[in-house]
Amino acid sequence: MVAFSFTSENGELNIGGSIMAKVLIVNAGSSSLKFKLFDMPKETVLADGEVERLNMPGSIVKIKYGDGKKYKTTEDKIDYERSAAIMLNNLKDLGVIDHLHDIDAVGNRVVAGSDIFDKVAKIDDDVLQQIVDLGEIAPIHNPVEAEYIKIIQRILPDTDQYAIFDSAFFKDVPEVNSIYGIPYELTERFTIRRYGEHGINHGFITGQADEMLGKKDAKLVTLHLGSGASVAAEKAGKCYDTSMGFTPMNGLVMGTRSGDVDPALVPFFMKRMGAKADEVIEMFNDRSGLLGVSGVSSDMRDLESSKDPRAQLALDMFVNRTVKYAASYITELGGVDAIVFSGGIGEHDQWVREEVCKKLEIFGIKLDAELNDQQAPGDLGTKDSSARILLIPANEELAMVRDVQGALK
């Protein structure tokens with residue numbers, strides 16, 4: 001309940017000491033744009049939208065409104081500029097806001113913050129340039145995210161924008177897990193370490209799991225499984241280890257990313273294929289993973305319905321790599337209080353959860369088949385399971401808007 005309200009010296013309305021604001025959260029990827037408009041500090045979602053299949057035939061626009069209404073349309077080859085315009089204009093044209101300047105702040109998900117950014121940052125010219133420069137670490141993420149920041153700056157030049165970094169959650173990973181076995185002076189000179197990805201969601205579901213367990217010193221293994229996928233280990237709310245590395249290409253087999261590969265493959269392919277190093281890395285990022293192994297699709301649903309034996313091989317590899325990391329993290333932590341499934345695959349794919357948990361039964365972890373089939377958020381484990389098995393939907397936008405709200409105070 002709101003205890004009091006007042007107007008601050010700068011004229012901004014406060015409720016209970018928190019600034020009232022409409023905050024637009026932008027989660028941009030190479031093939032989709034997700035967004036949510038929040039009424040803060042109430043955390044009310046006024047609109048929740050997505051533009052799918054960017055730059056492809058049959059682009060899809062979907063928006064859900066707080067009053068339950070839905071809007072959907074299709075259009076061929078929606079690009080970044082057009083998708084941003086659709087996002088903002090629909091918010092106005094469909095009555096969610098009266099004017100574009102009713103949006104008080106914009107928060108942007110940015111994957112790579114390196115060691116430069118360990119918390120939310122207000123975007124100015126210097127911050128934007130650093131985001132662009134860090135595209136070297138996240139080549140299929142930071143450039144797109146920077147492009148949307150620039151587009152929104154052109155449309156809303158007087159609206160403050162903020163960057164929330166996926167890598168910030170991994171700043172506490174101890175050196176024994178965060179650095180590579182390369183000459184230490186090179187680690188220091190070039191700041192080489194595991195920067196990770198999906199940190200916004202790993203951090204969010206860690207907090208949610210701690211609340212569900214009723215303990216602040218919980219040992220967790222969190223599985224963010226989607227087209228991009230990662231596993232993390234947490235102790236007492238902080239990350240202890242993570243599967244992604246210096247770039248998001250490291251770790252699990254993903255939709256189009258190879259995951260762990262021997263670095264000697266780069267010069268091998270350069271020699272045998274006459275390729276440049278950048279071309280090999282592009283192959284590892286965009287033409288490998290589930291797509292490259294199966295030759296069918298990068299989408300789990302397509303693979304699970306396929307009769308092609310390579311599709312099954314790709315599925316088995318996805319589970320195999322997930323189990324390898326999860327099991328090693330349970331060992332690193334000296335036990336685990338909960339395994340947490342999240343992300344598009346983690347939340348919606350019963351088969352993946354079943355297969356992963358089946359292979360973790362050696363630790364006494366037991367999945368309840370009926371609860372798993374129901375797919376409802378919460379506990380999925382049996383009563384005699386050695387650890388809780390939790391399904392917690394990803395909500396990166398809520399985590400991000402809370403960071404922006406904190407920066408507005």
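1. The model is predicted: local features need pLDDT of at least 70, side-chain atom pairs count only at pLDDT 80 or more, and totals for chains, interfaces and linings use all residues. Residues are numbered from 1 along each chain as its sequence is written, and side-chain values use heavy atoms, with hydrogens and water left out.

2. R109 counts as buried because its relative accessibility is 9%, the cut-off being under 20% relative accessible area with a 1.4 Å probe, protein chains only. Leaving aside residues up to four places away in sequence, R109 touches, among others, V26, N27, E145, D166 and E396 (heavy atoms within 4.5 Å).

3. The UniProt record, an unreviewed entry, lists R109 under "binding site"; such annotations may be inferred rather than shown by experiment.

4. R109 lies in strand 9, residues 105-110 (strands are DSSP runs of E, at least two residues; helices are runs of H or I, at least four). The open sheet has 8 strands with mixed pairing, in the order 8-7-6-5-4-9-11-10; pairing requires at least two DSSP bridges. At the edges are strand 8 (70-75) and strand 10 (121-122), each pairing on one side only.

5. Strand 10 pairs with strand 11 (residues 160-165) in the antiparallel sense over 2 bridges. A121 stands opposite A163 in strand 11.

Terms used: Buried means under 20% relative accessible area, exposed over 50%, partly exposed in between (1.4 Å probe, protein chains only).
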